[in-house]
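Hello,

Here is the structure I promised to pass on. My notes follow below it.

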Amino acid sequence: MQITLSAIKADIGGYVGHSSSHPDVLSKAEQGMAQAKQEGLLIDYHVTRCGDDLQLIMTHQHGEDSNQIHKLGWDVFISCAEVAKKLKLHGAGQDLLADAFAGNVRGMGPGVAEMQFEEREAETIIIFMADKTASGAWNLPLYKMFADPFNTIGLVIAANMHGGFSFEVHDVKESKKIVFHAPDEIYDMLVFIGAPGRYAVKAVYHRDSGEIAAVSSTQKLALIAGRYVGKDDPVCIVRSQGTFPAVGEILEPFASPNIVEGWMRGSHHGPLMPVAVNESNPSRFDGPPRVIAAGFQLAEGTLVGPRDMFDDLAFDNARKQANDIADVLRRLGPFEPHRLPLHEMEYTTLPQVMKKLEGRFENI
Ligand code: F6R
Ligand code: MG
Ligand code: MG
């Protein structure tokens with residue numbers, strides 16, 4: 001049975017500040033999704049949130065980039081933004097950058113990750129959702145899951161994965177893409193995906209079967225809006241078990257927190273802390289950045305779950321390490337490398353300050 005899994009997300013208002021989501025907004029989204037399921041547009045859905053980002057997880061049979069499904073997401077976000085505006089939540093409707101729906105939510109503000117596949121005998125899915133960071137945040141974990149035998153032992157000892165995986169990498173500034181084959185091209189690939197502010201892993205495919213293994217949302221809101229409007233706060237769907245890495249191999253990269261961009265005012269590096277959904281409330285210096293993981297089994301498109309995958313004391317050390325990294329970085333205050341490098345500050349106050357001081361720079 002061909003199933004499409006769509007995860008569409010938007011920050012349509014924070015409670016309090018940019019730290020979390022209001023329950024009334026979530027229940028409004030729940031209503032909209034329930035109605036779409038009743039009308040037969042969706043097979044199933046799950047509404048959740050990561051920090052201040054509303055997440056609509058949907059299964060259906062309309063394929064990727066479906067006008068109907070994207071319109072549904074957009075309409076639900078609009079109705080939720082109305083609730084947010086009434087409650088005067090912070091930044092109500094901030095990611096709904098266009099005035100009207102233009103047929104597809106891509107490039108309009110909301111983030112989207114979608115994949116279509118033939119549902120397997122047992123279809124295990126993990127959906128990662130992050131707040132206070134950008135889509136390149138998935139580069140390191142996806143590399144570890146699908147190309148690093150020190151993380152995924154299945155690459156070495158499971159015959160059905162030994163052929164490796166292919167990575168579709170997007171240049172988010174130039175809107176170009178390239179496919180790298182692992183393991184033979186990992187050195188070439190790492191030149192690019194090691195720069196996650198510019199190159200983001202969009203999708204991963206099983207090399208032998210060509211089957212989709214993972215897909216992420218990769219848009220840079222700042223580039224869409226031309227000025228800083230918040231971070232992308234990306235999502236990533238990963239298929240697991242069988243010819244794909246095991247659940248534990250998919251979660252393992254998050255046991256040692258990497259450092260990502262997007263903390264405070266989208267202008268700082270910080271550790272990506274894996275947390276349970278109810279702990280995704282970034283409040284210290286508006287962070288540190290969080291990642292949650294919702295696990296599902298699919299049954300004819302029905303979402304059996306979620307299991308809150310980081311709600312596990314085995315990730316306590318990762319959380320402790322993330323807090324320690326946060327302490328070290330915070331000591332730097334406004335200095336790099338806590339603050340982003342200058343070229344990443346283009347969409348913030350930098351141009352204005354530069355303009356004001358233009359006449360005062362003298363030749364040395
Ligand atoms: C939002 C974020 C926050 C805000 C900050 C200022 O994703 O990262 O750190 O940038 O709270 O927010 P505004 O400008 O909305 O007052
Ligand atoms: Mg926000
Ligand atoms: Mg957010």
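The magnesium ion (ligand 2) has three protein donors listed here: Asp11 (OD), His18 (ND1) and Asp52 (OD), at 1.9 to 2.2 Å. Donors are N, O and S atoms within 2.8 Å of the metal (3.2 Å for Na, K and Ca); water is not among the atoms, so sites may look incomplete. Along the chain, these donor residues are spaced D-x6-H-x33-D. Asp11 sits in the loop between strand E1 (2–10) and helix H1 (23–38). Asp52 sits in the loop between strand E2 (44–50) and strand E3 (53–60), 41 residues apart from Asp11. Helices (H or I, at least four residues) and strands (E, at least two) are DSSP runs, numbered from the N terminus.

This is a predicted model: local features need pLDDT of at least 70, side-chain atom pairs count only at pLDDT 80 or more, and totals for chains, interfaces and linings use all residues. Residues are numbered from 1 along each chain as its sequence is written, chains are lettered from A and ligands numbered from 1 in the order written, and side-chain values use heavy atoms, with hydrogens and water left out.

Now the magnesium ion (ligand 3). Its protein donors are Asp52 (OD), Asp53 (OD), Asp131 (OD) and Asp233 (OD), at 2.0 to 2.2 Å. Asp52 bridges this ion and the magnesium ion (ligand 2), which lie 4.2 Å apart. Asp131 is in strand E5 (residues 123–131) and Asp233 in the loop between helix H6 (221–225) and strand E10 (235–240), so the pair ties together parts 102 residues apart in sequence.

Asp11 and Asp52 are buried (under 20% relative accessible area; exposed is over 50%, partly exposed in between; 1.4 Å probe, protein chains only). Asp131 is buried at 0%, and Asp233 at 4%.

Best wishes
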